[in-house]
Structure formats: C-alpha cells, structure tokens
Amino acid sequence: MTNREIENRLAEEIRQATPNVLAQVLQQCQTQKEECTDMANQMEVQVVNTSKRKKWIAGLASAAAAVVVVAGAGIFGYNYMAVDSVIGIDVNPSIELEINRQDKVLKAEALNQDANEILDGMELKGVDFDVAVNALIGSMLKNGYIDELKNSILISVDNDDAEKSAELENRLMEEISAILSSSQVDPALKAQTVSAESDELQKLSEQYQISVGKASLIQSICAQDSTKQFADLAKLSINDLYLIADSQKVNLDDTITQGNPSDKAYIDVEKAKSAAFAHAGVSASEVQLLKAELDFDDGVMVYEIEFVRGNAEYEYDIDAVTAKVLKVEKDGADNGQQANSSNSSSENSQGGNNSTGNNSFISKEEAKNIALKAAGVNQAKNVKVSLDRDDREYNVEFMDGEFEYDYEIHAVSGKVLAADKERLDDDDRNSSSTGVIISEEEAKSIALKQAGISDPDWIEASFDGEDNKYDVEFAASGYEYDYEINAQNGKIMEYDRERL
C-alpha cells in the first residue's frame, strides 16, 4: 500500500469516527499551524546569515506545528467526546442523558418501557442539553406522564466536580419549573447528586430498570423504614414515592426540594380514617389514633390506619382511591363495642340520611347527585336511592329518556364503584346517538390511570358494539383488573380487581 493510500484510509476513518467535529478540529489545527509557521518565518529572518541554523530552525518549526496539530486535535476530541456528567430525569419514565463539557448530549438512554415512548422519534445526540430537557419534559406532558395529578420529577446529577453538580441541579430545577408552570402544572421537584460508581446502586438500577438516581431515592426510604421492600417501591412513580416519603416523614435532607407532590388522585387521610372508623363501628372521639399514613401494599396505594379503643387495637388498610376496606386486623377486646352496636342499631331504625353515629356516610341526596353527574344527566325520572349498610354502598337507579342507569356509590368517600346503562328499547340499541368516540388506546389509558398503574404486566382491550363500550383487562403486581369503559364519553361504567 502506498503512502498516499495509507493517508487516504486514515483520513476516511477519522471522518467516520468524528463526522460532526472533524471540520472544527481541522480548522483549529490549521489556525494553530499558521501561527507556528509565522513564528518560524520570524525566526528565519533573525538568523538569515546562518544557513545551517536557518534550516535547523525551519525543521524545528515544522515539527512544532505538527505537534500542536496533533495535540490540539486530541484535546478538542477529548473535550467533545468524553462524558462529563450523567443526568437522570425520573417521573415514571426514567431517562439518562450523558453530556460533555460543552453541555452537548452524547447519549439519551431510555431505562424502561415508558421512557421508550417518550424518546420515540427523538434524535438528541449533539444538541444542547437544555434543548433536550425541554423536549423530554414536553413529551412527558403530551403523553400524560406529567399533569396536575402527577406533578413530581426527580433530577439526579453525577459529576466528579461538586460545584459543577450543584450548578447543573439548580439550572435544571429552574428550567423544568419554568416549563411546567407555563403548562399550568405546579411542579414538585427534587434534585440530588449521585454516583454511578456505587456498585450497589448500579446493580439495583439495572435489575429494576430504573435510573441510579431513583435507586438512590428508594434506598434512602428503605434505610429509614425496614418494613419497606425495594422491589415494591421500584414499581412506583416518583410522585407516589414523594407522597409516601412526606406522609411517613422520611428524611430526604440530601435533596434540593421545590413544591409539593400532588395528592389529587387519592382521597385525603380524613376520609380514610372515617372509612376505618365506620367499618369498626366507632367514632373518632372514642379512639386513640396511633397511625394514619399513606403507603403501598400488594400493588395498591393504601392508607394504613391504626387506632385503639378499650383494650382492642385495630389495623386497617384503606384503598387510597376508592376508600374500600382492603384489610383489617383486630387484637384484644373492645370494651365499648356492645354499647356502640346498640347506638348504631337505634340510629339504623330511624332511617336517616346519615347512617352512623359519627355522620361518616354521605347523604342520599349527595349519592344521587354524584350518580347523575357521572352519567352526565341533568334531569332524571324514577330515581331510587337505597343504602346497603353492610357494604357501605348506595345503589342509585334512574331513567333519562331512552336509557336506564344503575350506579353503586361508596357511602363514605362518594366514589363511583360501578355503573351500568341500558337502552330501554332494545331495537334502537345501535342508533346513531351512541357512536364510538374514544379509541382503544384511550380506553386503556383511562383504565390504567384510574387504577394507578403505569406499567402493567399485560393489557388487552376489546370493543363491544352492542353496548358501545370497551372491555379492558390487565394485570399488575399480583392483581387482575377488569374495566368497562363507555366508548362514547370515556366514563368508567364498571370495574373490578381480583388477586391472581
């Protein structure tokens, strides 16, 4: 192979290895070479009477220029291609950005399935990381991963320079806060410095397909509560992790914090306590409350309520979405239970709207209005409202034009537990008044959002043209879910959850 062929091959390999920066490297090298050549020419003038020395200096100048060219190209290439910082952005999608010293993105990596959806179609390599962050947050807003119900983001920075880490954290906090505020979302942000050199964090990150930053946050929570399992918390969104940490007063002083996580997707703690007290047949004034905090158990966000009355200690798990009693344990004898049962029986016989002594049930009128609003009906005929005290549910039936409705309303929280709608005239069941409006994917999203599930093990949906509804089934965290979604307005008609 000739020298010219060798040179051509080397040039081609360099071009392929660094296509975006080669022109800049050559320009820089040319500038530095010209400077060295000028210096050599000046030296030649100074020694013009000594030809030997002139040749020696000229040779030295050429060698110096060559060294500068190689060194300049190496330094510039290192500064451009070397990873200076790794930035983790976690919502439920977990994404990591590798950036260089010029704050250019070298790599954007999706760490889980939700993140693949966010990065789909994006080419972020080579762009300023500020632009990349704007694009990622915008995509999360568009795809529903950030909204008024889920407003929390975790920012993690890995950089050997503590001062640079702090500067990046503050910069990211300001930029993301501005983006969300402009979208009418009041953000809850936490920023932390992490190190991917931690073998334990790296293994946890890879095992659970989360960022090193999220692994670090979960590790902090577990370290302060031995009852928590890393595998359970890894399934949660950042918003739910923040809510649990706040409810249980977990110390996260090593993070920079701004704003409060949204709890709008869940009932408040007072409703959870009322549901537990009503089930136990006690009033708030009769008990000593031991604990009332938000937690995660068996794949569900729950309120853990513990209290004592007499010699009995009660422990309840209350569904944080529906206020249903999921689990109850009682130790010891309740000295006041018999008297309370008598009072309850006496009040039950009166048939009033509020069905317990502590007024924990909503009224029949409230249950009726909740059902009418859910159905989108302003005026109804033949309205019937009945209370099932054992199940703590109101059954609301009514008619509107050609339809008959049947709703089950939770008597404490007011949540719609089930809904059914039937056309009175079967022959007109498929008339044009009930066309399909929402898509199959929208029906899936509605069901997953109501269940608080973002990454199911599997999900299927089928359209029922006769009843104009979608049947959505999926499984997650040991439970199987079954939803019926109105295909015209997207309302949940009925849903059920069973342990596998």
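K164 counts as buried, at 18% relative accessibility. Buried means under 20% relative accessible area, exposed over 50%, and partly exposed in between (1.4 Å probe, protein chains only). The model is predicted: local features need pLDDT of at least 70, side-chain atom pairs count only at pLDDT 80 or more, and totals for chains, interfaces and linings use all residues. Residues are numbered from 1 along each chain as its sequence is written, and side-chain values use heavy atoms, with hydrogens and water left out.

**Exercise 1.** Find the salt bridge between D84 and K164, and state which parts of the chain the pair ties together.

*Solution.* 
- Step 1: apply the criterion. A salt bridge is a side-chain nitrogen of Lys or Arg within 4 Å of a carboxyl oxygen of Asp or Glu.
- Step 2: check the distance. The D84 and K164 side chains meet at 3.1 Å, N to O.
- Step 3: place the residues. D84 sits in the loop between α3 (51-81) and β1 (85-90), and K164 sits in helix α6 (residues 162-182), so the pair ties together parts 80 residues apart in sequence. Helices (H or I, at least four residues) and strands (E, at least two) are DSSP runs, numbered from the N terminus.
- Step 4: D84 is partly exposed, at 23% relative accessible area.
- Step 5: widen the view. D84 and K164 belong to a network of salt bridges that also links D103, D130, E167, R171 and E175. The whole structure has 22 salt bridges.

**Exercise 2.** Describe the salt bridge between K104 and D128.

*Solution.* 
- Step 1: the side chains of K104 and D128 meet at 2.8 Å, N to O.
- Step 2: K104 lies in the loop between β2 (94-99) and β3 (105-110), and D128 in the loop between α4 and α5, so parts 24 residues apart in sequence are tied together.
- Step 3: K104 is partly exposed, at 26%. D128 is partly exposed too, at 34%.

**Exercise 3.** Are K444 and E440 buried or partly exposed?

*Solution.* 
- Step 1: their side chains form a salt bridge at 3.8 Å, N to O.
- Step 2: both lie in helix α14 (residues 440-451), 4 residues apart, or about one helical turn.
- Step 3: K444 is buried, at 14% relative accessible area. E440 counts as partly exposed, at 35%.

**Exercise 4.** Which residues is M122 in contact with, leaving aside neighbours within four places in sequence?

*Solution.* 
- Step 1: locate M122. This residue is in the loop between α4 (113-119) and α5 (129-142).
- Step 2: list the partners. With contact meaning heavy atoms within 4.5 Å, M122 touches A135, L136 and S139.
- Step 3: compare sequence and space. M122 and S139 are 17 residues apart in sequence and 9.9 Å apart, C-alpha to C-alpha.
- Step 4: M122 is partly exposed, at 27%.
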